[in-house]
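Could you look over this structure with me, working through the points below in order?

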Amino acid sequence: MISEKLQKGQLLIAEPSIIGDLSFNRSVILLADHTGEGSVGFILNKPLDYTISDLLPEIEASFKIYNGGPVEQDNLYFIHTIPELITDSIEISNGIFWGGDFELTKSLINEGKISKENIRFFLGYTGWDANQLETELQANSWIITSNKHQSAILSKSSNQFWKEKIMELGGEYIIWSNAPENPILN
């Protein structure tokens with residue numbers, strides 16, 4: 001666990017102890033913003049059964065949609081690695097950017113100038129009020145790690161990402177890496 005101050009760009013790995021939490025069980029979250037007023041993140045490893053063209057037929061692409069978190073799940077968000085193409089985006093860190101000109105983004109996708117390797121779409125986000133995330137960290141709900149993948153994080157395996165991160169932690173966490181998602185059903 002990192003003892004440094006929380007900051008945007010870090011990863012939050014769900015502790016194995018939060019089994020049963022429908023939103024966050026086995027989640028890896030990219031912290032997109034963290035201020036004194038609260039925090040925002042996106043779950044990186046929970047793909048949904050939709051593509052971008054299912055939600056927006058005017059976009060001619062089959063990019064997967066991910067569950068970004070339980071807040072505002074009727075809104076679409078995106079992160080990307082191409083600020084030189086998508087204007088008005090906000091840097092999270094390490095070459096990862098949040099949002100930007102959506103009309104331009106749609107056009108660039110349809111023109112084939114944006115690929116699924118450099119953008120990821122989410123329904124909803126994960127949000128915390130001021131000090132709420134710190135309280136959850138003190139309750140051992142999350143493990144903080146740096147994003148050593150930097151902008152390549154968008155290409156990480158979504159289904160196995162939590163397991164990979166837990167195995168990297170080693171020690172007592174290794175046993176959890178092979179445990180069934182719901183041990184009660186074992």
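1. The buried residues of H2 are covered by elements that include E6 and E9, where helices (H or I, at least four residues) and strands (E, at least two) are DSSP runs numbered from the N terminus, and where contact means heavy atoms within 4.5 Å. In H2 the buried residues are Thr105, Lys106, Leu108 and Ile109; here buried means under 20% relative accessible area, exposed means over 50%, and partly exposed lies in between, with a 1.4 Å probe and protein chains only. These four cover an arc of only 165° around the axis, which puts them on the same side of H2, the arc being that of the directions from the helix axis to the C-beta atoms. As background, an α-helix has 3.6 residues a turn, so residues three or four places apart point the same way.

2. Please keep in mind that this is a predicted model, in which local features need pLDDT of at least 70 and side-chain atom pairs count only at pLDDT 80 or more, while totals for chains, interfaces and linings use all residues. Residues are numbered from 1 along each chain as its sequence is written, and side-chain values use heavy atoms, with hydrogens and water left out.

3. After H2 comes glycine 112, whose phi is positive, near 75°.

4. Which residue forms a salt bridge with lysine 106? The partner is glutamate 58, and the closest N and O atoms are 3.2 Å apart, a salt bridge being a side-chain nitrogen of Lys or Arg within 4 Å of a carboxyl oxygen of Asp or Glu. Lysine 106 lies in helix H2 (residues 102–110) and glutamate 58 in the loop between helix H1 (52–55) and strand E5 (64–67), so the pair ties together parts that are 48 residues apart in sequence. Lysine 106 is buried, with a relative accessible area of 14%, whereas glutamate 58 is partly exposed, at 41%. Glu58, Glu103 and Lys106 are linked in a network of salt bridges.

5. By this rule there are five salt bridges, and glutamate 168 takes part in salt bridges with lysine 148 (3.4 Å, N to O) and with lysine 165, where the closest N and O atoms are 3.0 Å apart. Lysine 165 and glutamate 168 are three residues apart in helix H4, and are therefore separated by about one helical turn. Lysine 165 is buried, with a relative accessible area of 2%, while glutamate 168 is partly exposed at 41% and lysine 148 counts as exposed at 53%.

6. Turning to the strands, two of them pair if DSSP finds at least two bridges between them. E6 (residues 71–80) runs antiparallel to E9 (residues 119–129), with six bridges joining them, and leucine 76 stands opposite leucine 123 in E9. E6 is also joined by two bridges to E8 (residues 96–98), again antiparallel, with histidine 80 opposite phenylalanine 97 in E8.

7. Strand E1 (residues 11–14) and E10 run antiparallel and are joined by four bridges, with isoleucine 13 opposite isoleucine 143 in E10.
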